[in-house]
Amino acid sequence: MSLSKQHVCAGVLCSILFSVSCCSVVDAQSTPPPLQMSDSAWRDMTTWLPRSANAVLAIDAEAMFQSEIAVQNDWRELHAENFDRNPTMLPPPTERFVLSTELDTEHFEPTRELAVISTSTPVDFIEIQKQVQGEVDTIAGMQSIHTVRDSYVVPINQHLVALIRQGSRQWAAQQLKDGRDRTEPQLSQILADAVEQVASGVSQIVVAVDLADAIPRSAMTVAIGRSGVLSNTALHSNSLVDEMTTLQGFVFSIDLAEKMNGKLEMVFAAEPTQLATVTKPIMLELLASAGAILPEFKQWRAVSRPRRMALQGELSVASLRRVLSLLVVESTGFEPETSTVETAATSRTGFSPEQIEKRATTNYVKRVMRLAESVVASGNANSLREQVLWTDRSAKAISRMSTRNVAYDVAKLGRRIAYEMLRIVSVYQEADQNARSRIASENPPPVQWHTEMTPYRTFVTPQGRFYRYRPFSYAQVFAEENAIHSRQIISEELAKANEKAKEISARIESGVLQLNRTQ
């Protein structure tokens, strides 16, 4: 039995030897109408997820490995030996994976999560406890393992495992009680439909975010007024606001065949008649404003379905990693906390402590280098938010990597690279704040009112001509000029930030070269 490594991608997971892996957490509230799923295994897993979740990630690992692109690239074989080389980084025993999270939709940061994994081999509680080095506990009448980082691994049955993190023991118990008492999934409709896409075999990977009632009408009105796409069309603004307020969320689905094809959908409660006429430009603008745009999106084509606007096209493995990283979850809390010397016991598998350290160090270096190189390659992006989002994700991914059995100097170098990445994030965040301040101070109000006294009646008398005056007010609109000036300010601040980021990127490249020499 080989030790599963760690890491997570996209809200996914952890590392647990030979039988488990996962991510975390939850909260349940009101009971919606029962949601039906075509596959009983997926229904059983989804029943444990909380109603309060506003995002899900579902992966059918078995179907993914059977796809043509996976077979051609030997994903299953690579996965069994080194699962971090697979795009999803799911541990080898995984057949199905579903993660629910309460997502901070402004920063794409998970706050509470619960994941359930279906494994191909029976869950061995004693073996997991040995590997995790956690304390055996009983929560809500269920046997569990409390890790040193205050997380809970809870076998549900022989082939299902839940992992709970970011909550008190009492809170964790409540989630387990709620999950055990449910008989049907309690997710919102858009999230349940997303899981059903995977359960029914339509897609192998789906990420969905529920935005119903998340954005007030006033914010929608302001956003539409500032939109470069919508403000330059003949579309009626009130109708646009009406349509946008019916937005239910986003669904990103991936179909693996000969190639990897993706589809990004905006889901509405009513038909977006006017918005549908500008599907591609408005979706690209929304993604760019959030910093979540990918290179392929500009080549994707717009498609329409009832109450949905969508873009679809081919997707690269690198972009898949980025998409999944939006639901990233720490996994290192479920790694064994043993030292290199202590792992000498694993010599029974045929590896010496030196071999174990070399292998762990090599894998760590590969993961850090891949993330660092992607940050350097994305330098000089034309969006402040894009740089912040992806660089921050890469830095956090490195920080969360397990350094168990990794050579001390290499782990220290990896942490330094992560620190430099976070400095880049700070540079772009500062540039964003500077741009906002300059726009507020340099741009005049979008509308300025002026009042002048104008004559409206003339009197002619022997003494001369006299006039009667009254005030006349008019508005001077600077919307277009302000928009042009704002873009200029953002461009200037972005250029300054890119110059600073180049200096930091040079240090990252130096660190990557040092890492490369350690292999």
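Visitor: Which side chain meets that of E493 in a salt bridge?
Guide: This is a predicted model, in which local features need pLDDT of at least 70 and side-chain atom pairs count only at pLDDT 80 or more, while totals for chains, interfaces and linings use all residues. Residues are numbered from 1 along each chain as its sequence is written, and side-chain values use heavy atoms, with hydrogens and water left out. A salt bridge here is a side-chain nitrogen of Lys or Arg within 4 Å of a carboxyl oxygen of Asp or Glu. At 3.1 Å from N to O, the partner of E493 is R438.

Visitor: How many residues apart in sequence are the parts that E493 and R438 tie together?
Guide: Helices are DSSP runs of H or I with at least four residues, numbered from the N terminus. Because E493 lies in helix α15 (residues 479-517) and R438 in helix α14 (residues 408-442), the pair ties together parts whose separation in sequence is 55 residues.

Visitor: Are E493 and R438 buried or exposed?
Guide: Buried means under 20% relative accessible area, exposed over 50%, and partly exposed in between, using a 1.4 Å probe and protein chains only. By that scale, E493 and R438 are both buried.

Visitor: Which residue forms a salt bridge with K502?
Guide: The closest N and O atoms of this pair are 3.5 Å apart, and K502 is partly exposed at 43% relative accessibility.

Conventions. Helices (H or I, at least four residues) and strands (E, at least two) are DSSP runs, numbered from the N terminus.
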